[in-house]
Amino acid sequence: MADDKNPGRVPTVIADDVHIVYRVNGAGGGKGSATAALSRILRRGKGESRGVRKVHAVRGVSFTAYRGEAIGLIGTNGSGKSTLLRAIAGLLPTEHGKVYTDGQPSLLGVNAALMSDLTGERNVVLGGLAMGMSREEIHERYQGIVDFSGINEKGDFITLPMRTYSSGMAARLRFSIAAAKNHDVLMIDEALATGDRKFQIRSEKRIRELRKEAGTVFLVSHSNKSIRDTCDRVLWLEKGELLMDGPTDEVLKAYERETGK
Amino acid sequence: MSDTTHDGAVALSTPPYADDGLSSAELAAKHGLTVSGARPGLFEYIRQLWGRRHFIMAFSRAKLTAQYSQAKLGQLWQVATPLLNALVYYLIFGLILGTRKGMTQEVFIPFLVTGVFVFTFTQSSVMAGVRAISGNLGLVRALHFPRASLPISFSLQQLQQLLFSLIVLAAVAVAFGSYPSLSWLLIIPALVMQFVFNTGLALIMARLGSKTPDLAQLMPFVMRTWMYASGVMFSIPVMLKDKPDWIANVLQYNPAAIYMDLVRFALIDGYGAGNLPAHVWIVALAWAVLIGLVGFVYFWKAEERYGRG
């Protein structure tokens, strides 16, 4: 039916009035003393307890992303960009509204699964398994991951615990593990491509490859240049609300005007 | 921000394309999109969990290794820690308090050490379970996997820890005159059942702990009470023989006491079937199946809600 008019427009992610609320324990009332906590519990009202402070991080965001799009997310710090990404990935439950996706979107990042007390070698395997790769896949790609990270360029560091790495080395290994898997809907949070100049070039190239393989890409970044280079559509979030949604140039211009650049 | 830009956003975000006029839900249904992060069915969940078995194993082994990786003696602590634990309990309950009423020294020492190790298995599984989700929020918020992987993984870690303790336990048993025999093989079914029981309990605690992290503060007291009530360092029927029967019965049929008694029975020559309550194997199996199933279903019911801050 109507599909014939726009054969290319297949939605991959639909966000329908998404609200996300964080609940923070022990931040309510400003007083942290034991008596304050006790009185909070005793004075607990109906429904919500008073010791819990709510942070409404995303407020009613709706949009539809289509296959083949690369979408940038911009906004000042704390505007809810990363939170929205996690909700799309199904990692943070929504308070209200729904996110529909085609397949399983994945967040590019594996940091949380790695353990600094283990060797780089074991972390490659652990990280790969945590991302849902099979043992065979990891075995196949192991050498590629290590070579890409360049960890072994200055000696046999992959067999040392990760806590002995410099922060740059650790970041390189983390990126290499995270980027080893292909995704349908890929979400990239800013500042992934850390490391020296040589590694940055290598990782930008890898992100472009991943983009090609993925159906839809979301990129959170504070660098307007990298948004311009990679995205054709931009969502501008501010205080958890979708301020603007449109072609990259248009939104970036408005954003730059607003942030006084 | 001015309202005009906001209105602009609304107009732009629903462009006049083919699917114009459909609601989000209809559009999603039309193109076969599913709700992100929705809870899978129970059997699908089990299938996903099975698919992640290598991750579960790798994670538990990694945690176990990471535990002692900074220590000079390294993995030797896997065995040294339970050994020191057994020594402390022997010092206090064997030498100072003398709770070995009704038992010879040859029976009491292995009796005590078995009790400590087997109870520690349950205790540390519960404690790890409480923190399984609340202590790993970073992981839960970054990657996709059936969340039950975490509590199961922690229980497995405790099981591996127990296997190291069994080395010490075997040495203690031999030192006090209980030599390896076929009956030692009964340890395997006993521990398998205890593992299922512990995992179920860890799953229950993981869900409770994800809602109420305060449990991590409370549980040590609950667990200690449970330990003293389960006859880790004394024989329940001997100690309570002046009290009404039902008290001893309740204590003896509690799962911790059941699994301890089974391992003692399997391991210690002088600890015969007369010390065990009736139908002990059936009760052990019933506890494992009951808590294992209840824990799994209870945990699964909240699958989509883990990770909320």
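**Strands, chain contact and a helix pair**

Let me begin in chain A, where strand S3, residues 70-74, and strand S8, residues 233-238, run parallel and are joined by four bridges. Before I go on, please keep in mind that what we are looking at is a predicted model. Within that pairing, the residue of S8(A) that stands opposite Ile71(A) is Arg233(A).

S8(A) also pairs with strand S9 of chain A, residues 241-247, and here the two strands run antiparallel, with six bridges between them. One of the pairs to look for is Leu235(A), whose bridge partner in S9(A) is Asp245(A). S8(A) and S9(A) form a hairpin with two residues between the strands, and in that hairpin Lys239(A) takes a positive phi near 50°.

Now let me turn to where the two chains meet. How many residues does the contact take from each chain? It takes 54 residues from chain A and 40 residues from chain B. On the side of chain B that touches chain A, the elements giving two or more residues are helix H1 (3-13), helix H2 (24-30), strand S1 (34-35), helix H4 (53-67) and helix H7 (137-142), of chain B in each case. The largest share of that side comes from H4(B), which gives seven residues.

Which residue of S1(B) stands opposite Tyr100(A)? That is Val35(B), in S1(B).

Finally, I would like to stay in chain B and show you a pair of helices, H13, residues 255-267, and H14, residues 280-300, whose axes come within 10 Å and cross at roughly 130°. That angle makes H13(B) oblique to H14(B), and the crossing of H13(B) and H14(B) is left-handed. From H13(B), the residues that make the contact are Pro255(B), Ile258(B), Tyr259(B), Asp261(B) and Leu262(B), while H14(B) brings Val280(B), Val283(B), Ala284(B) and Trp287(B).

Notes. Residues are numbered from 1 along each chain as its sequence is written. Chains are lettered from A and ligands numbered from 1 in the order in which they are written. This is a predicted model: local features need pLDDT of at least 70, side-chain atom pairs count only at pLDDT 80 or more; totals for chains, interfaces and linings use all residues. Axes are lines fitted to C-alpha atoms, for helices over the stretch in contact, and angles run from 0 to 180 degrees between N-to-C directions. Angles under 35 degrees count as roughly parallel, over 145 as roughly antiparallel, 65 to 115 as roughly perpendicular and the rest as oblique. A crossing is left-handed if the near helix is turned anticlockwise from the far one by less than a right angle, and right-handed if clockwise. Two residues are in contact if their C-beta atoms, placed from the backbone, lie within 7 Å. Two strands pair if DSSP finds at least two bridges between them.
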